[in-house]
Amino acid sequence: QVQLAESGGGLVQAGGSLRLSCAASGSIFSINAMGWYRQAPGKQRELVASITSVGSTNYANSVKGRFTISRDNAKNTVFLQMNSLKPEDTAVYFCNADVRRSPIREMTYWGQGTQVTVSS
């Protein structure tokens, strides 16, 4: 099995910063893309940022210039540095990872989510 454990969420004032972490553990051969999604109340889950195994990144327009995704391949961990936070960033943040448990078998796994609340 594979588990993704997120940490770093919390309550912050508008303009503040938070850093989210997500560590993958278990039976892992390799990890391809990793990413962060978020879901606000009454809204669909949306992509925030993603990063490939070689470091290519992709961001939602709403977070470009404010959020930075990075990863530590040796520790199977992905990070999301969130700066200049806005109340509209309030959501549950989920990490995901495309994990190979063998050279030919890949599945997408999700973390349990961490709450980020930005007060105005």
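This is a predicted model: local features need pLDDT of at least 70, side-chain atom pairs count only at pLDDT 80 or more; totals for chains, interfaces and linings use all residues.
Now display the sulfur atoms of both residues. A disulfide joins C95 to C22, with an S to S distance of 1.9 Å. A disulfide is a covalent bond between the sulfur atoms of two cysteines. How many disulfides does the protein contain? The count is 1. Turn the view to look along the bond: the torsion about the S-S bond of C22 and C95 is about 40°, so the disulfide is right-handed.

C22 belongs to strand β3 (residues 18–26) and C95 to strand β9 (residues 91–102), so the pair ties together parts that lie 73 residues apart in sequence.

Switch to a cartoon view of the whole chain. The protein has 11 strands and 0 helices. The radius of gyration is 14 Å, close to the 14 Å that the globule rule gives for 120 residues, so the protein is as compact as a globular protein of that length. Along its principal axes, the C-alpha trace spans about 45 × 25 × 25 Å.

Consider next the contacts within the fold. Of those between residues at least 6 apart in sequence, 55% join residues at least 24 apart. Buried residues account for 39% of the 120 residues.

Finally, show the surface. The protein exposes about 6,300 Å², of which carbon and sulfur atoms supply 48%. Colour the charged side chains: there are 12 positive and 7 negative ones, and the centres of the two sets lie 2 Å apart.

Key. Residues are numbered from 1 along each chain as its sequence is written. Side-chain values use heavy atoms; hydrogens and water are left out. Helices (H or I, at least four residues) and strands (E, at least two) are DSSP runs, numbered from the N terminus. The radius of gyration is taken over C-alpha atoms; the globule rule is 2.2 Å times the number of residues to the power 0.38. Buried means under 20% relative accessible area, exposed over 50%, partly exposed in between (1.4 Å probe, protein chains only). Contact means heavy atoms within 4.5 Å. Accessible areas come from the Shrake-Rupley method with a 1.4 Å probe; for residues, only the protein chains shown count as cover. Lys and Arg count as positive and Asp and Glu as negative; His and the chain ends are not counted. The place of a charge is taken as NZ of Lys, CZ of Arg, CG of Asp or CD of Glu. A disulfide is a pair of cysteine sulfur atoms within 2.5 Å.
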